[in-house]
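Subject: Structure for your review

Hello,

Here is the structure you will be working with, followed by what turned up in it. Please read the notes below with the model open.

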Amino acid sequence: MTGKESAMPQGEGRFWKGHYGREPFDLRLTVLRMLHRLPLIALVTVLGTAAFGGGYYVKNVLLRDQRLFAATSVYRVDYNVASEAELQTSYINAMTWNTYLQSGAFQEMLQSRLGGSGGFPEQASGEGMEAFVWSDLRVPAVTVTAEDPAEAERILRAVDEVMTKDFTLQEIRSVSVIDAGRAEEIIPDVRVGRAAALSAVLSCFFAVIALLLKETGDDGIWLPSTVWKRYGLKAAGTLESPGLKQNMRYFFGEKHDGGDLAPERKGREDAARKGREQKNGKRGVAVCTVQEDMKPEEVLAGLRERCPETVDSSWFAAASPLTQPENCDVLREASGILLAVKAGCHGGRKLEYVLEYLQQQDCEVTAAILWEADEKLIRRYYFGRTGRGRAAEER
């Protein structure tokens, strides 16, 4: 019946219309429910951070499949120019240096310095050897990368010899080594902090979205007003509602005035009322539960303690029609029916089914009470509202 109105016969020409899934979106309740689930959101965030951020760290730091070492030498190049002005037209940039390093002539000289054609490893060519010009045009640098630090240094020493002794250009007068580098391990650009932060944000985001979707499609009942908005059924409130006594008197009438009556007079009035009900073919008010695991006797006892001026000995307990359908014969003879609905998730569908079944059996429900409700949630929801306004909304 989600998203549709349902009309079931009720008495003579009366119809009960349910509006399940069509009540207005309650932003206040949704926010309070999300705040209540902050521990769950925090847990999902921590687990997501540990799973994705930790996985990133393990993969890129602890389980790296390859360790590389780099050695860098810095050179001083004296250009064959007479003035600084001519230097601007004769200098060699980084791209040109890399072209020279990867040229066949340079590779042959490097192989010769390494001990022949068989001594030049594959790592020394291509991306294994790269030139840079960081600041001064006369101070280039060459970096050699290899899996073994000793191998990286061996190749770099050969590059130093080629640069200073074998490599010649018309623009260059001489090349000297000013800093012969040593091999150091290359630390990958692994940003574990950023990965963990991104994992936390995404985990929190998806947790909130999932909970919002679940909250939107949930048939749970958390407030007495939901019973009225969704099912058109009058609600007396909860056991701790400030307007419960007033609502109970409004729905079922006041039987006696509590402690102001003597026990003898109270007993006479109860006996007289029972006689009138038997004469009219009606029993007292039935307290009927919706969920199967609820005990109607406990609900009746709680109501007698909370509303003694309304709930007297003529009230009786009736189990849920979901477990005892034969109770409809007794409920049909009752002068009124108070449905007790357990608050929380997955209560709406069962209440819907019970209402439809009772309507089909010509059992008219007078009102409902929300049982085992989250009173803290209700107090926060009605914070700042007057007791009269709250009682009116519950009805």
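A residue is called buried under 20% relative accessible area, exposed over 50%, and partly exposed in between. Phe205 has a relative accessible area of 46%, so Phe205 is partly exposed. Please keep in mind throughout that this is a predicted model.

Overall picture

The protein has 395 residues, of which 41% are buried. Its secondary structure comes to 15 helices and 12 strands. Among contacts with a separation of 6 or more, 77% are between residues 24 or more positions apart. The protein exposes about 21400 Å², and carbon and sulfur atoms supply 53% of that area.

Phe205 sits in helix 7, which covers residues 192-217. Phe205 is also one of the residues in a nonpolar surface patch of about 670 Å².

Ile41, Thr45, Gly48 and Gly53 are buried in helix 2. The cover over the buried residues of helix 2 includes helix 1 (27-36) and helix 7.

Aromatic pairs

How many aromatic pairs does the structure hold? There are 11 aromatic pairs. In one of them, the ring centres of Phe106 and Phe167 are 5.9 Å apart and the planes stand at 70°, so this pair is edge-to-face. The pair links distant parts of the chain, 61 residues apart: Phe106 is in helix 5 (residues 104-114), and Phe167 is in the loop between helix 6 (149-166) and strand 6 (172-179). Phe106 and Phe167 are both buried. The rings of Phe205 and Phe206 also form an edge-to-face pair, because their centres are 5.4 Å apart and their planes are at 70°. Trp97, Tyr100, Phe106 and Phe167 are linked by ring pairs into a cluster.

Salt bridges

The whole structure has 13 salt bridges.

- Glu151 and Arg154: their side chains meet in a salt bridge at 3.0 Å, N to O. Both residues lie in helix 6, three residues apart, which is about one turn of the helix. An α-helix has 3.6 residues a turn, so residues three or four places apart point the same way. Glu151 is partly exposed at 21%, and Arg154 is partly exposed at 35%.
- Arg182 and Glu153: the side chains meet in a salt bridge at 3.5 Å, N to O. This pair links distant parts of the chain, with Arg182 in the loop between strand 6 and strand 7 (184-185) and Glu153 in helix 6, 29 residues apart. Arg182, at 55% relative accessibility, counts as exposed, whereas Glu153 is partly exposed at 23%.
- Arg33, Arg37 and Glu215: salt bridges that share partners join these residues into one network.
- Arg138 and Asp136: the closest N and O atoms of this salt bridge are 3.3 Å apart. Arg138 is partly exposed at 21%, and Asp136 is partly exposed at 29%.

Ser320

Is Ser320 buried or exposed? With a relative accessibility of 2%, Ser320 counts as buried. Ser320 is located in the loop between strand 10 (316-318) and helix 12 (328-332). A polar atom of the Ser320 side chain lies 2.6 Å from the backbone oxygen of Val290. Leaving out residues up to four places away in sequence, Ser320 touches Cys288, Thr289, Val290, Gln291 and Val354.

Positive phi values

Asp362 has a positive phi of about 60°; Asp362 is in the loop between helix 13 (348-360) and strand 12 (367-371). Glu372 has a positive phi near 55° and lies in the loop between strand 12 and helix 14 (375-381). Glu372 counts as exposed, with 56% relative accessibility.

Regards

Definitions and conventions: Residues numbered from 1 in each chain as written. Predicted model: local features only at pLDDT ≥ 70, side-chain atom pairs only at ≥ 80, totals over all residues. Heavy atoms only, no water. Patch = residues over 30% accessible without salt bridge, like charges linked within 9 Å, V, L, I, M, F, W, Y side chains within 5 Å. Areas by Shrake-Rupley, 256 points an atom, 1.4 Å probe, with all protein chains shown as cover. Salt bridge = Lys/Arg side-chain N within 4 Å of Asp/Glu carboxyl O. Helix = DSSP H or I, 4+ residues; strand = E, 2+ residues; numbered from the N terminus. Buried < 20%, exposed > 50% of the residue type's maximum accessible area, 1.4 Å probe, protein only. Contact = heavy atoms within 4.5 Å. Polar contact = N/O pair within 3.5 Å; in protein donor to acceptor, adjacent residues only side chain to side chain. Phe/Tyr/Trp six-rings, centres within 6.5 Å; stacked < 30°, edge-to-face > 60°.
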